[in-house]
Amino acid sequence: MKKIATSLMVILIFFLFAKIALAQEGQVDYKGEVIVDSDLDGLTDKGEEQIYSTNPGNPDSDGDGYLDGAEILSGADPTSVGSYPGKIDIAQAVAVVSDKTPWVWYIVRASGLLSFIFLWLTIFLGLAIRNPLLKKIIDPFYSLDLHCFTAAVAIFWVLVHATSLLFDPMIGFGIKDISIPYFSQSAAVDTNYMALGIMAFYMMAIMTVTSYLRRHISHRLWRVLHFLNPLAFIFVVSHGYHNGTDMENVYIAGAYLGSSALLVLIYFSSLAAVFWGKFNKKSV
Ligand code: HEM
């Protein structure tokens, strides 16, 4: 039985490769020479040279572990290591997902953007109070409670954002995928950047919880943990930018990166104001 199955597989592969060779006929100029496939990857030498720009002496030109012929058959690019059979195109996957379960995907995206907005607001409030220029503007609205509240709202939206992914049958995420960095092997999402989002979430949770408990813990500990802020923000910006479907929209990506850059600017000017204040105190 095994032998029959193997023979059928070999015949099938032969016909698939023959199909490619036939498809090449007419497009490839063999100059009357014998048609050969030196590296046995399913593409003729001349076809590799004239059509596919692959190496006729190497069956796997891009070194991604897949034969050049198999990549052509599956629609992948045999010259790009990041493109191989079975790798799902994220835009295509999203299109399929949106068709079947639009509500989940819209919730993931909308809650991702909302968590970013509230995280931005939280950091802005924290920085503005130390910035002489912005302090004047925000003073009437500012309170430490508001700063903590916006952080808690950001956490709430991250929870919605991450748990909605569990309801997406197309991606098939489990609890471990969304809670353990680098656990997920999904091809539908860039899991390296998703890991940054997960780590950022933990940092945000630590900072928010310790802020609410700041009267019960040492001020030094609270301060040290608050230094996670810039790292968490960098992780979030890069996570959202690389994972986000909406980042394909130039206006959303522009607003996202622009507002992030503005926050970095405020961060450094507030830092400068603090150092300037300390320097002035010393010199008096
Ligand atoms: C458990 C942690 C997290 C997981 C599992 C996760 C997962 C994901 C996934 C799969 C996407 C792609 C969705 C899409 O195609 O649009 C995404 C996008 C995004 N995420 Fe996260 N994320 C996490 C944490 C965070 C955090 C902490 C923030 C911000 C505070 C955040 C903000 C965003 C943003 C802004 C997008 C882009 C949304 C868009 O396309 O409109 N995520 N996240």
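Helices here are DSSP runs of H or I with at least four residues, strands are runs of E with at least two, and both are numbered from the N terminus. Hi everyone, with that settled: this protein has 12 helices and zero strands.

Two housekeeping points. This is a predicted model, so local features need pLDDT of at least 70, side-chain atom pairs count only at pLDDT 80 or more, and totals for chains, interfaces and linings use all residues. Residues are numbered from 1 along each chain as its sequence is written.

Let's start with the overall picture. The protein has 284 residues, of which 28% count as buried. Buried means that 20 or more other C-beta atoms lie within 10 Å of the residue's own, exposed means 12 or fewer, partly exposed is in between, and the C-beta atoms are placed from the backbone. Contact means that two such C-beta atoms, placed from the backbone, lie within 7 Å. Among contacts between residues at least 6 apart in sequence, 51% join residues at least 24 apart.

Now to the ligand. How many residues surround it? The answer is 29, and the closest are Gly112, Gly197, Gly240, Gly244 and Asp246; a residue is near the ligand if its C-beta atom, placed from the backbone, lies within 6 Å of it. Two or more residues of the shell come from each of helix 5 (102-128), helix 7 (144-164), helix 9 (191-212) and helix 11 (229-243). Helix 5 gives the largest share, seven residues. By class, the shell has 18 nonpolar, nine polar and two charged residues. Here Ala, Val, Leu, Ile, Met, Phe, Trp, Tyr, Cys and Pro are nonpolar, Asp, Glu, Lys and Arg are charged, and the others, Gly among them, are polar.

Take alanine 154: leaving out residues up to four places away in sequence, it touches Ser115, Phe118, Leu119, Thr122 and Met204.

Next, how do the helices pack? The axes of helix 9 and helix 11 come within 8 Å and cross at roughly 145 degrees. Axes are lines fitted to C-alpha atoms, for helices over the stretch in contact, and angles run from 0 to 180 degrees between N-to-C directions. The residues of this contact divide into 12 nonpolar, six polar and no charged. For helix 7 and helix 9, the axes come within 10 Å and also cross at roughly 145 degrees. Helix 7 contributes Cys148, Ala151 and Ile155, among others, and helix 9 contributes residues including Phe201, Met204 and Thr208. That contact has 11 nonpolar, two polar and no charged residues.

Finally, a look at two loops. Where does leucine 40 lie? Leucine 40 is in the loop between helix 1 (2-24) and helix 2, and its phi is positive, near 50 degrees. In helix 2 (residues 45-52), Asp45, Gly47, Glu48 and Tyr52 are buried. Serine 53 follows helix 2, with a positive phi near 55 degrees. Serine 53 is exposed, because 11 other C-beta atoms lie within 10 Å.
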